[in-house]
Every structure is written in C-alpha cells, then in structure tokens.
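I opened this notebook to record what I looked up in one structure, going from the overall fold to single residues.

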Amino acid sequence: MTVPSRPVRLGLLTDGDDVPYWMASALRELQQRDLATVVLIVQRASAAPEAPQGSRLGRWWKNRRLLAFALAERMDRRRVPAGPPPESLRDIAPEAARLQVSPILGRFTDTFSDEDVAAVQRHDLDLLVRTGFRILKGAILGSARNGVWSFHHGDNRTNRGGPPGVWEVLEDRPETGVTLQRLSSDLDGGEVLARGVGRTERFSFARNVAALYPRSSRMLVRSVERLAQGKPARQASASDDGWGAYQHRLYRRPTTGEVLRAGARLGVRYARQRARWRGRRLTWSVAWHLAQGKRGAVPHDALYQYRELRPPADRFWADPFVVRDDDRWWMFFEELVFSNPVGRIAAWEMGPQGPIGEAAIVLDPPYHLSYPFVFHWEGEWYMLPESQASLRLELYRATEFPLKWELDRVLLDPFDGVDATLHRHTDGRWYLFASIADVGITYDEELHLFVADTPFGPFTPHPENPLVADVRRARMAGRLFQHGSQLIRPAQCCAPLYGSGITLHVIDELSPTTYRERPIQRLGPTWDPRFLGLHTINAQDGLSVIDLLRLDRISR
C-alpha cells in the first residue's frame, strides 16, 4: 500500500532516546523538505535480554572465543577517527508522541502485545522505521500502511547476519553492500526497497562501516520521498536478475580462530601490496585495433589484439573516444601530466598503422577535463567532456575540427557529475547518462539519467534515479552501441579499485519514465598480467580503442 501525496506520517522504533547520526541526518532532511513528519516514537521500556552480568574477568572467560575480534576491533577504532555521535530524538522530533513498550521476549525476537499494536495503530502511520528492538514478530509488522522498514548493513544476496562491514574485510571481498527492506514474518524474506554497493575499505572494519552509514541515509530519504509523491517506495536499485538462492552461511561475530586465520591472509596480502607498490604509481595508457571495412560503433571483441600506445613517463593517457570524419579517424583522450595533475583533452589522427604524426592538445582550461565524448549533430561536431571541476556540464563546439573548440553552452548548472554520455534513442529523444556524487556516495557508485528532446536540453531528471547503485557497474565506460537487436551500455567496474574493469549491460527498456538493464559480461585485462584494469571502450567504423591501467615505476 502507498497512499500519500503529502508528508509521510512516520514512526520510529527505538531502544532509547538517541539515534545514530546517519539516521538523524535523514530524519532532519525529511522534515526540512516537508517529505515526512515524525509523529510517533515507540521506545523500548525494558532492557533487552542477556545484559552483561558478573565480573569483567568472568565475562572475558565466557566470551573467550570472541576476544580476538574484540581486540582487533578496538585496535582498529583507535587508528580511525570516531564518527559523529548519536543525536537526541528530543531535538529532532520534539513534538512526536511517545509510546513505551515492553515487548514479549523470545530468544532473539520481540513481539508486541495486542494493546501496544493498537496504540501504534491509533497514530495512523504511513510507515515505521526500525532503529532499535530485535527481530520483530507479529502484528506490529502490519501496524503502519507501508509496514516496518529496516536496514541490513550488508548485501543480503551475499551477506546475511553480522556484524556490519566486518566479513567483507575478513574475506577480502571487493565490495560491501547495504539493503533497505520492508520487514515480513520471514526473517530473510522482506521486500527489498533499495540496495547500495560500494567499494570495501580494505584492512579496516571501522572505515568500512563508516562508509556504509551515510549511504544508508540517502537510501531512506529517497524511498520516503517516493512514498510522499504517491509512488511505490521501491527504488530501481532494488531490482535484481530474478530468483536466486542465498548460498552463504548466516554470519555471526567472528571467533578467535576465524580472526587469526583471516588476519594472517590479510597481513600477507597487505605486505605484498606494499612491496609491489613501493616506488610505483598507477598510470594509464591507450590501445587500439583497426578492422578495415567494418561499419558502426561495435568495438572489436578480441581485446588481446589491441595494440598499446605508451605515453611518456611523465604523464598518462586515458578515456579514449574515436570518431570518423569522411575517411579520417580521430582519437580524443585525456592527457594528464603528473607535475600538474589537471587533465586536458588531446586529439590524435589514427590510420591503418596506428597514430599519424603527433597528438595535439585541443582543450586546456585551468580546471580538470577528461572523458571527451565527441559526437556529430546537424552538420557540427560537439564535445561533452567531463568538467566536474567547474561544477557544471559544458558542451563545446568545433570551430575548426578537430583542433579548435569553443564553449557552445552549459547544459546543466550546477552539476556535480562525471562521465556524461549522450545517446539518441529510437524514440527520437536524447538520454544523458552520468554519475553524480551525494553525501556518503562517491562518483563511482550511482548512475543517473536525464532526458531531453535535443542534445542541447533542457534535460529533465529521470523519475527512477538513481538507476543503478552499485560500484561494480554504475559509472559510464564509453558510448552506448547497438549490436544486432541489443543496445549495450558499458560501465566501469570500480572494485576492488577504480578502473578494475568494464561491465557490459543490455538495455531492455529505455523511456522517459522507465529503465531496465541486465549485466551480461565483465571485461578485464586477463590476457596480460602487466595490466591491472581498463575502464573505457569505444569504436567507430572499424577503429576500436580502450585504455589500460598499469603500475609503473616512478621516474627519478
């Protein structure tokens, strides 16, 4: 059930008078934007079972199997700055009614009495958000129109149980997720309303957990916003590829043996990484392949056949795009000189034997540029480079192609986004894909879409934004291309590190109001151990280009 097109009547289930800072941030924003009103705080009146008893030494002995994790956690917290403290609900929602509840206690569950459920129902809530209590059972789950929402700080497809952010580090997983669910009577069977997947902060539980919580705040705000607008609360990020079985264990606090074994493996990996990276830095090169007589924008599919172009030792080349003007190909790419780490755009003519002559710098403003998306429209050449450093989306027009360009117009201002990619669809509309940062969300994690009738705008945000919330497949990796009946979207895989690879998707539905895609393949530089990743792929009429991530020695 949905109902509102008005501020959502929201209730909170808490263990005390304080809520975590990230929940407080979401509640403040919801109320300031008039999306929701906190009308009821349901607070536990009795302590949860299994409160600590006996002497400290006795408790240590009782929990001796968990002491290694407790020590590791404490040491980790000492080297990571503490996050913001909890905030009082008396400050956040001073006018909210309060209800003290002593739930019926099971071994791991809390059940509300019929009287308490009826007291909650009298407040006519649209939604209950759980920030306290244990596993909820019984009629309380249906006491608000849209149920009880709760966070699982893990991706419930691969990690159920807890503690949050810990097992991803211990098992050295590249990504860490968070899930917002509408609870059901089935412990793991609640409806997923939103998911977010970010890069794991390796070697630190505290840093990994700290990255999870701000992402949770945005997820809650977005689902409540949808509810306030009369839309289903479920976000596009909640979609999956159909039925799938959970095949991992139910995670619990790690035992001493598990911590020691995982710690030894992580220690070896950390030492190897430090040794490998000593005196080196990550750098990018470009590579190309030409298939004579081919037409269209489908890249060459045998990546080991691409020929690398190594930049001078004092710079890198990345983000290659290629276009054809009559019978000449031009490759546009980012060049960054390490002594002045501000990217600029270069162009290089390409022929059957590779580069012709020398590359020329064609755009060099005082701020960073990259990802030079070049396209032809109504007899003119245009370039849409990443200009995030200017906090606006700039469109350039060639006054003398390919070497001279001038600012034609600003498409979006302000615009804190990266890797904007235009696509003219079969419906005649122009779709602008880009990744936008938000509080607690990096540029690598989410994909947003904007729609216009022309490439000049005005662009309207897609109602399903963000379309993707997954660091492994959100950020654009080149222009969309048509392969037979399939429209393919290449996206960057930014875990375990930025530029690790490319995920290809088939777009099944694209309209001003709907979007559906499915991942079909992951590309990585597995043909050559010298390369660590790639994050751009483009082609035009037989000339295909990619970029390659290396770990090179720093020149003295």
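**Ground rules.** I am working from a predicted model, in which local features need pLDDT of at least 70 and side-chain atom pairs count only at pLDDT 80 or more, while totals for chains, interfaces and linings use all residues. I number residues from 1 along each chain as its sequence is written, and side-chain values use heavy atoms, with hydrogens and water left out.

**Whole chain.** I looked up the secondary structure and found eight helices and 36 strands in the protein chain, where helices (H or I, at least four residues) and strands (E, at least two) are DSSP runs numbered from the N terminus. The chain is as compact as a globular protein of its length, because its radius of gyration is 26 Å, close to the 24 Å that the globule rule gives for 556 residues; the radius is taken over C-alpha atoms, and the rule is 2.2 Å times the number of residues to the power 0.38. Along the principal axes, the C-alpha atoms fill a box of roughly 80 × 55 × 40 Å.

I then noted that buried residues make up 53% of the 556, with buried meaning under 20% relative accessible area, exposed over 50% and partly exposed in between (1.4 Å probe, protein chains only). Of the contacts (heavy atoms within 4.5 Å) between residues at least 6 apart in sequence, 61% join residues at least 24 apart.

**Cores.** Which residues have the most contacts inside the largest nonpolar core? They are Leu10 and Trp149, in a core of 36 residues; I take a nonpolar core as a set of buried Ala, Val, Leu, Ile, Met, Phe, Trp, Tyr and Cys residues joined through side-chain atoms within 4.5 Å. Helix α7 (residues 205-228) gives the most to this core, with nine residues. A second, separate core has 35 residues, among them Leu449, Val451, Phe459 and Leu510.

Leu30 sits in helix α1 (residues 21-32) and counts as buried because its relative accessibility is 1%. Leaving aside neighbours within four places in sequence, I find Leu30 in contact with Leu10, Leu35, Ala36, Val221 and Val224. The C-alpha atoms of Leu30 and Glu225 are separated by 7.9 Å, although the two residues are 195 apart along the chain.

Is Arg215 buried or exposed? Arg215, which lies in helix α7, counts as buried at 5% relative accessibility. Beyond its neighbours within four places in sequence, Arg215 is in contact with Thr176, Val178, Gly196, Gly198, Gly440, Ile441 and Glu445.

**Backbone exceptions.** As background, I keep in mind that most residues other than glycine have a negative phi, and that most peptide bonds are trans. The bond from Asp413 to Pro414 is cis, with omega near 0°, and Pro414 is in the loop between β24 (404-412) and β25 (417-424). The bond from Ala495 to Pro496 is also cis, with omega near 10°, and Pro496 is in the loop between β31 (486-493) and β32 (501-510).

Glu378 has a phi near 50°, is found in the loop between β21 (370-377) and β22 (380-386), and counts as exposed at 64% relative accessibility.
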